[in-house]
Amino acid sequence: MKIAFVCPIASKFNPDMMIEPLSVGYLVSYLKSKGYKDFELYFGAFTPEEEIAEKSSKADIVGFTTASSMVTQGIRIADMIKKINPNVITVIGGAHATALPEKTLRECPPIDIVVRGEAEHTFHELIQAIENGKDFSDIRGVTYRKNEKIVTNPARELIEDIDEIPYPDREFIQQRMFVKKNLKIGKKIAWMMATRGCPFICNFCTSKVVWKISYRKRSPKNIVGEIKELVDNYGVNHINFADDTMTIDKQWTFDLCKEIRRANLGITWSCNSQTSVVTRDMLYAMRKAGCEQIWFGVESGNKKIRWAMEKFITTESIINAFEWAHEAGLKTRAYMIIGGPGESYDTIKESEELMEKIKPTAISWTINTMLPGLKGYDEAVKKGLIEEDKIDWSGVGFRNIHSAVLPTEHLSKEDILSEWERVSEKFKNYQFYDFHFRYMPEYLLYRFMTTNVKQYPLMTKKLLSHIKKIDIRKSLSKDATSYA
Ligand code: B12
Ligand code: SF4
């Protein structure tokens, strides 16, 4: 049974915005542990669509991994594959398809099956059923077509012990290439997941679409074992944890820090957390264990808006968390949202004032977006506030007011966009711009070898504009660090 995976382009605005596909890494290592051997992987950002379609149409099953921004290209490629070989079985998974399984099948004839949510067990059972010519009625977590009808089977329970899932297959997902791709920021970075899910219920966040409202941790030993492999096999010296809110369990966080220190691997790391769950001693322990950056969702300077978004964190907890983190020597990032419920020029001013007070090292401003699967999404579609069929999902998350962006009673979509532009410009120096020249020659060689000659002028222009932003003094300082 030959299984091909396609990772569509993550952003039409910035094809470079791509990390190693952990989803595929996990699925492949799990399937290998069950005896499957024949896999292929294609990236929409690096290989022409026609070539992907041509090659993957020789597989028995083609799996597409999709966040919303990836779904448009995924479906286009599925269509091309089906035209070449209608017998290929096309399967789609990830946040977008999980949120809209029936709509995905109804509107995308080239897609045969949606695998919803956590997929290691479901995809394995599905492949077994396909191999043995069985029907899918017993497979929890799939939506598929049967006799012209769309059938949605009950959801699958989450995997209880996530230590049982083998480490993602890093060779298969081309970890080496992704490490090189990030060299420009002076670190050999890999992404990994120490926990799955988040118990909080912020209503703008789709964590619960895939992981439900949950929080499962791997054991510190299991995590450090994976870090060691990344260090030994790929020379990685920095880990970005992709976890939603990693440090919810205080004791586990201390245990993890202890295990990282004991292993003495010489790595640094970054992670997401929540201002209400960190304590001063926790942040000091994390710093001591090599943590260099901690990222917090602050969302708004106005408490009413935070509450309306069901982000129940107090202003006091925000101020404390940033103060303690800086005191412990950590760099910080605040994630901010423009256009939350009730947003006005005044509330945006409150957000700006809060940023000036807590002084994060970096700020990421995003526009509030009604993503599929969020509370309120279906109602907004019903009321016609979201013109679902007109949304260009490939533009999600960028300076683009597609119809999944809703106006507030005080601000139109255009106002929201121009406020987003204004604050992004105003706080543009709040970035991790420190820079290492250490890996520059290796990075340039990699870029020039992997880029089409015709794109050299554009690439050089982009590089020069990036260099202009660099604070050279900082870049020469001993412990300057920078990340994606
Ligand atoms: C790293 C990351 C990024 C990176 C890189 C993303 C990239 N495209 O390469 C950066 C920082 C650039 C980024 C940016 C954004 N991101 Co982001 N990101 C993540 C993050 C933290 C980790 C992704 C990951 O590796 N997960 C680990 C793997 C194991 O999980 P998984 O992909 O869900 O896979 C499992 C299942 O879904 C399933 N599955 C997945 N694919 C497939 C395929 C098949 C065939 C099958 C059978 C099953 C299957 O099996 C897997 C194992 O169980 C997730 C949150 C999270 N913790 O998952 C958000 C997340 C994917 N991002 C999200 C969002 C909203 C964004 C932004 C739009 C934010 C913004 N407003 O700017 C931008 C858009 C960027 C873009 N164009 O893609 C949402 C996606 C929602 C959606 N509907 O698309 C998520 C889920 C965060 C959230 N909680 O809301 N992101
Ligand atoms: S705390 Fe973060 S990950 Fe958890 S629900 Fe809220 S925004 Fe999502």
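A: Start with a pair of helices. Helix 10 and helix 11 (residues 280-288) pack with their axes 9 Å apart, at an angle of about 20°. Keep in mind that this is a predicted model.

Q: Which residues meet where helix 10 packs on helix 11?
A: Helix 10 brings Lys 250, Thr 253, Phe 254, Cys 257 and Arg 261, and helix 11 brings Met 282, Ala 285, Met 286 and Lys 288. By class, the residues of this contact divide into five nonpolar, one polar and three charged.

Q: What is the arrangement of helix 9 and helix 10?
A: The axes of helix 9 (residues 220-234) and helix 10 (residues 250-263) come within 9 Å and cross at roughly 40°. An angle of 65 to 115 degrees would count as roughly perpendicular, and one under 35 degrees as roughly parallel. Helix 9 and helix 10 are therefore oblique to each other. Helix 9 passes helix 10 in a right-handed crossing.

Q: Which residues of helix 9 and helix 10 meet?
A: From helix 9 come Pro 220, Lys 221, Ile 223, Val 224 and Lys 228; they meet Asp 255, Leu 256, Glu 259, Ile 260 and Ala 263 of helix 10. The contact of helix 9 with helix 10 has six nonpolar residues, no polar ones and four charged ones.

Q: Now a single residue. Is Phe 123 buried or exposed?
A: The idea is to count the C-beta atoms around the residue; 20 or more within 10 Å make it buried. Phe 123 has 24 other C-beta atoms within 10 Å, so Phe 123 is buried. Its place is in helix 6 (residues 120-131).

Q: What is Phe 123 in contact with, beyond its neighbours in sequence?
A: With neighbours within four places in sequence left aside, Phe 123 is in contact with Leu 27 and Val 115. For Phe 123 and Thr 451, the separation is 328 residues in sequence and 35 Å in space, C-alpha to C-alpha.

Q: Where does Cys 108 lie, and how far is it from Ile 75?
A: Cys 108 is in the loop between helix 5 (101-107) and strand 5 (113-115). Its C-alpha atom is separated by 7.0 Å from that of Ile 75, although the two are 33 residues apart along the chain. Cys 108 counts as partly exposed, because it has 19 C-beta neighbours inside 10 Å.

Q: What is there to notice about the backbone of Asn 147?
A: Look at phi. Asn 147 has a phi near 45°, a positive value in a residue other than glycine. Asn 147 belongs to the loop between strand 6 (142-146) and strand 7 (149-152). With 5 C-beta neighbours inside 10 Å, this residue counts as exposed.

Q: What about phi of Lys 359?
A: Lys 359 also has a positive phi, near 45°, and is a residue other than glycine. Lys 359 is placed in the loop between helix 14 (345-358) and strand 15 (362-367). Lys 359 is partly exposed, since 13 other C-beta atoms lie within 10 Å.

Q: Finally, which residues surround ligand 2?
A: The shell consists of Cys 198, Phe 200, Cys 202, Cys 205, Ser 207, Asp 244, Thr 245, Gln 274, Gly 297 and Lys 311. Sorted by class, the residues around ligand 2 are four nonpolar, four polar and two charged.

How values were computed. Residues are numbered from 1 along each chain as its sequence is written. Chains are lettered from A and ligands numbered from 1 in the order in which they are written. This is a predicted model: local features need pLDDT of at least 70, side-chain atom pairs count only at pLDDT 80 or more; totals for chains, interfaces and linings use all residues. Helices (H or I, at least four residues) and strands (E, at least two) are DSSP runs, numbered from the N terminus. A residue is buried if 20 or more other C-beta atoms lie within 10 Å of its own, exposed if 12 or fewer, and partly exposed in between; C-beta atoms are placed from the backbone. Two residues are in contact if their C-beta atoms, placed from the backbone, lie within 7 Å. A residue is near a molecule or strand if its C-beta atom, placed from the backbone, lies within 6 Å of it. Ala, Val, Leu, Ile, Met, Phe, Trp, Tyr, Cys and Pro count as nonpolar, Asp, Glu, Lys and Arg as charged, and the others, Gly among them, as polar. Axes are lines fitted to C-alpha atoms, for helices over the stretch in contact, and angles run from 0 to 180 degrees between N-to-C directions. Angles under 35 degrees count as roughly parallel, over 145 as roughly antiparallel, 65 to 115 as roughly perpendicular and the rest as oblique. A crossing is left-handed if the near helix is turned anticlockwise from the far one by less than a right angle, and right-handed if clockwise.
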